[in-house]
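Please keep the sequence and the model in view while reading.

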Amino acid sequence: MTANRVINGTKWLDTDGRVISAHGGGFLQENGYFYWFGENRHGEKLISCYRSKNLVDWEFCNDVVTMDTHPELNPSNTERPKVIFNDNTGQYIMWLHWENGIHYGEARCAVLVSDTVDGDYTYLRSFRPLGHMSRDCTLFKDEDGTAYFLSAARENADLHVYRLTDDYLDIAALEKILWPGQKREAPALMKRGQYYFLVTSGCTGWEPNQGKYAYATSITGEWSEMFDLGTPTTFDTQPTFIIPIHGTTKTTYLYVGDRWDPSDYHNSTYVFLPLEFPTDTSMRLNWASTVRIEIETGVVEADVRESDLYRLQINMLYLRGEGDQVKASRLSYADKNQLWEVEYTSPVTARIKHHLTGRYLQPKDGSPADESEIVLGDAVDHPMQEWSMVDTGQGYVKLRNCHSGKAMKLVRGSNEPLFQAEMDPRKHGRWDEQAFLLAKVFE
Ligand code: GAL
């Protein structure tokens, strides 16, 4: 990290030079510091706390929750910790998503408390709020001191809004069930002016998907429909928090996302991006390679380094070229064989070049036959290396070969080749075995 700037999507080091390990993070402002609580999975599973005055230089404070904190944490999976302060009891209250360390079937939350912000937290209990399943979650303290816990319920189908008791240690009531059946997770809540904004992700495990936001004038009132936020992969991130920076010139709202690496958790990184508000009820998220934050004034300066590279996603798998072969594999940010260049030959046709080898996607031997394998071939001036893109919704396209007229298709799952087949006219968006996302690389 250079002075004063965060470099998004890279490893961030703390002031001792160690990698910051605080995913699914929550932030709390106090005594001139921002405190960052997050999942630390280096070695033992911990919740670590860091603090910073400028959101760039992070000092390690403490492993505030360890496997020794309570028998229920040995083993366990603790995710998305969030901390708020209770003005009446003087306690710091942490809520998180608790699983037993073996599978994700427990679907519980857990509550912990501490007398100091970065002290050793005391584990109170894990439970299902009012008996409901509870996975991805967040905590929000409103201006009047009322606190809310939001969590994904009913196998992540619904998003529940619970009001907490005055001591923040328990659920007072289930206030709202948001977007039933729409499977939203990774909630992050903020307030700007009269409006609350709730940002969520879709439900695709570690793979990135389309972030969305909604707004309301009351947390427990009517929420708007959901609107897209950022690209179909939300710039390869999943939301975890929104930090308000109240400066002398302006208030900036910083989107905090995890860039999970599904192939290597420890290669996951963070992204801080300033949110924009074109109107009182709309928000916009743009990519920034680096972000310079002036805490005093609240002014944020974003720089973008444009990339010409793409990843090709299908059914949450990513095209990977090696030798002649092309296979669908798990997303890996370290794997350069997953990088492609898209050379447009018209607004709707393109040649797709494997970045490392400079070879092009085509049916094997240029064959027009059904079920011909898709391979990489040396550049030739022939329509077999050209693909026309047919919109299939949600940013996805079908790729129809300009020579064979057949569409590229993923027949089986991970580490399996792709074939061409008759174009299926139906549109299933991201779960279509013929629908590809040309996902720009954001560095
Ligand atoms: C994500 C969730 C993460 C983690 C992951 C496990 O959907 O947001 O916090 O639980 O699934 O697959």
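**A guided reading of the model**

N315 is buried, because 20 other C-beta atoms lie within 10 Å of its own, and 20 is the count from which a residue is called buried. The model in which this residue is seen is a predicted one. N315 belongs to the loop between β24 and β25 (317–322). Its backbone deserves attention as well: N315 is not a glycine, yet its phi is positive, at about 50°. Most residues other than glycine have a negative phi.

The surroundings of this loop may be taken next. Strand β24 covers residues 309–314 and pairs with strand β27, residues 340–346, in the antiparallel sense over 2 bridges. In this pairing Y310 stands opposite W340 of β27. Strand β27 also runs antiparallel to strand β28 (residues 349–354), to which 6 bridges join it. Here Y344 faces A350 in β28.

The protein is divided into domain 1, residues 5–304, and domain 2, residues 308–442. The centres of the two domains, taken over C-alpha atoms, are separated by 35 Å. Where they meet, 15 residues of domain 1 are in contact with 12 residues of domain 2. The side of domain 1 that touches domain 2 consists of 4 nonpolar, 7 polar and 4 charged residues.

The secondary structure comprises 35 strands and 0 helices. The radius of gyration is 23 Å, close to the 22 Å that the globule rule gives for 443 residues, so the protein is as compact as a globular protein of that length. The C-alpha trace spans about 75 × 45 × 45 Å along its principal axes. Of the 443 residues, 45% are buried. Among contacts with a separation of 6 or more, 47% are between residues 24 or more positions apart.

On one side, strand β6 (residues 77–86) pairs with β7 in the antiparallel sense over 8 bridges, and N86 stands opposite Q91 of β7. The two strands form a hairpin with 4 residues between them, and G90 in the turn has a positive phi of about 70°. Strand β7 also pairs with strand β8 (residues 108–114), again antiparallel, over 7 bridges; in that pairing W98 stands opposite R108 of β8.

Two backbone features accompany these strands. The loop between β7 and β8 contains A107, whose phi is near 45°, a positive value in a residue other than glycine. A107 counts as partly exposed because it has 19 C-beta neighbours inside 10 Å, whereas a buried residue requires 20 or more. The loop between β5 (59–65) and β6 contains P75, and the peptide bond from N74 to P75 is cis, with omega near 0°. Most peptide bonds are trans.

Strand β6 leads on to the ligand. Which residues surround the ligand? They are G24, E79, R80, D136, E185, A186, G205, W206 and Q238. At least two residues of this shell come from β6, and at least two from β14 (185–192). By type, the shell divides into 2 nonpolar, 3 polar and 4 charged residues.

Q238, one of the residues around the ligand, has its place in strand β18 (residues 238–246). Is Q238 buried or exposed? With 28 C-beta neighbours inside 10 Å, Q238 counts as buried. Leaving aside residues up to four places away in sequence, Q238 touches A186, S201, P208, G257, D258 and W260. Q238 and T200 are 38 residues apart in sequence, while their C-alpha atoms are 8.1 Å apart in space.

T200 is also among the residues that P187 touches, together with D136, T138, L150, L159 and L198, not counting residues up to four places away in sequence. P187 is found in strand β14 and is buried, with 26 other C-beta atoms within 10 Å. P187 and A152 are 35 residues apart in sequence and 8.5 Å apart in space, C-alpha to C-alpha.

Key. Residues numbered from 1 in each chain as written. Predicted model: local features only at pLDDT ≥ 70, side-chain atom pairs only at ≥ 80, totals over all residues. Domains from an automatic or database assignment. Contact = placed C-beta atoms within 7 Å. Nonpolar A, V, L, I, M, F, W, Y, C, P; charged D, E, K, R; others polar. Rg over C-alpha atoms; globule rule 2.2 N^0.38 Å. Buried ≥ 20, exposed ≤ 12 C-beta atoms within 10 Å, placed from the backbone. Pairing = 2+ DSSP bridges. Near = placed C-beta within 6 Å.
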